[in-house]
Amino acid sequence: MTTTMLAARRIGRQTTRLEAPPSIGTWASVAGEMEAAGPLADGFDQSYSMTEVATLGPTFEQAEAGLLKEAITRAVGKAGRSPGDVDRLFAGDLLDQLVTTSFTALALDMPLLGVYGACSTSAESILLAATFVACGACDLAMAATASHHLAAERQYRYPIEAGVQRTPTAQWTATGAAAFLVSREGPGPFVSAFTTGIPTTKGVTDVNNMGAAMAPAAADTIATHLGAVGASPEDYDVILTGDLGIVGHQLCRELLEERGVRLDPDRFKDSGLLLYDRHRQDVHAGGSGAACSALGLAAYLLPLMAGGEVHRALLVATGSLHSPTTSQQGLVIPGIAHAVEFIEGAGR
Amino acid sequence: MADREYLARASSLTPAVSYVRNALLAFLVGGAICTIGQIVWEGFVAYGFPEADAFAPTAVVMVFLSALFTALGLYDQMVKRAGMGGALPITGFANAMVSPAMEFRSEGLVLGTGARMFQLAGPVLVYGLATAFVAGVVLLVLMGRGGA
């Protein structure tokens, strides 16, 4: 077999180029009340008030699975398909042993490969789905993720009704889910390359400052990806990080500037800052959670690409790979960031 | 950027907290809770309780009010703004017991509510009792058998 026949090619230790970029033709997103009150409201397929989310399941965990199920069903529905047509589901969430994902796949009877990348799950699921499709391992793959503010709060922080003052660097776990259908043929946007992140730390242990914990990983992944594909930041219309928030986004920009990579503020965005209006909504440093970057992709970036306003973009989903146990034991928070490059149809 | 330099830069980017505003809110709200407690106590005394005996039923009423406002989803909203003003009085302790009791109801009455009720209050009890014990021993040594 000659190298030209390969569907995926290694172009760096962490970076892979997909020679026949798979298409993300349809996607769907559902969101909660806080998200629907934010700037991306128009981009969601469905939003739920606090009481409506509660009707999705008798517990917060089951409601989260309800959100994921709704996003997946809507995404396949838009393509005129059913969940039974999907060959492989790559999905993940933040709860316990990926229970949201497992129970959703159980309910929808889908072949599942569970993915844990914390809040970087969106990019990790998409790059895996795209690789499987590009290599012919399956025809139709789906990448999906979900988070629920209240379910995350009770697992990672305090009981909902406990009186606690949050620190200014704390971030707000988004309520919502998004699903992306990946196929070999389609109108695009297309997944053309990706960079797999390496867990990174600069010593941050504060679980209330995850933006600072993840920023070094985001900077590393962006620099690595640009180097591997031979691009400069100006080649991208948008570089969209996952959930760095106000502190992490600035730190990421400064870390990259140190390496001589200058990012134009008009093109360098963060889903955690796009999802909410920090001045109007009480989210402190910005949004976070597995749904955060997924909602930014589904309700902001992909619609811009489908509308022809953005031609080439880089999604850099960021995750904090700690658990409440490791944090209580005083260990650092390993940050990770995966980059997925999207090109529009004409650029193929 | 070296790690130490990075952590310093991260702290310098942290949005400022208004300690004056926090202290003022804590003072006002904490003071208001204590004033309500005082009114309840005066009520029990007026009803005929001896002054020393009126403290126990006062605490019961305050704990009930806190549990009620916790269940209504209002107590946490208040503490979010008032900080220790809402967390420190006995009402804050009640909130720390009631909120996990509500939260973990979904895991059952024994392994959920029963086991997790002391999740937040447990450390306060453990170290509160330990401190009281140590203070008691010190008092015994200094003042002799029987204490002051």
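## Aromatic contacts and a buried strand

Phe44(B), Tyr47(B) and Phe49(B) form one aromatic cluster. This is a predicted model, where local features need pLDDT of at least 70, side-chain atom pairs count only at pLDDT 80 or more, and totals for chains, interfaces and linings use all residues. Residues are numbered from 1 along each chain as its sequence is written, chains are lettered from A and ligands numbered from 1 in the order in which they are written, and side-chain values use heavy atoms, without hydrogens and water.

Over all chains there are four aromatic pairs (Phe, Tyr or Trp rings, the six-membered one for Trp, with centres within 6.5 Å; planes under 30 degrees apart are stacked, over 60 edge-to-face, the rest tilted). Phe90(A) and Phe132(A) are edge-to-face, because their ring centres lie 5.0 Å apart and their planes meet at 70 degrees. Phe90(A) is in strand β5 (residues 88-92) of chain A and Phe132(A) in helix α5 (residues 121-134) of chain A, so the pair ties together parts 42 residues apart in sequence. Helices (H or I, at least four residues) and strands (E, at least two) are DSSP runs, numbered from the N terminus.

| Arginine | Ring | Distance to ring centre |
|---|---|---|
| Arg312(A) | Tyr236(A) | 4.5 Å |
| Arg116(B) | Phe104(B) | 4.1 Å |

Strand β14 (residues 312-320) of chain A is largely enclosed by the rest of the structure, because eight of its nine residues are buried (under 20% relative accessible area; exposed is over 50%, partly exposed in between; 1.4 Å probe, protein chains only). Nine bridges join β14(A) to the antiparallel strand β15 (residues 335-343) of chain A (pairing takes at least two DSSP bridges). There, Leu315(A) stands opposite Val340(A).

Notes:
Lys NZ or Arg CZ within 6 Å of the ring centre and 35° of its normal.
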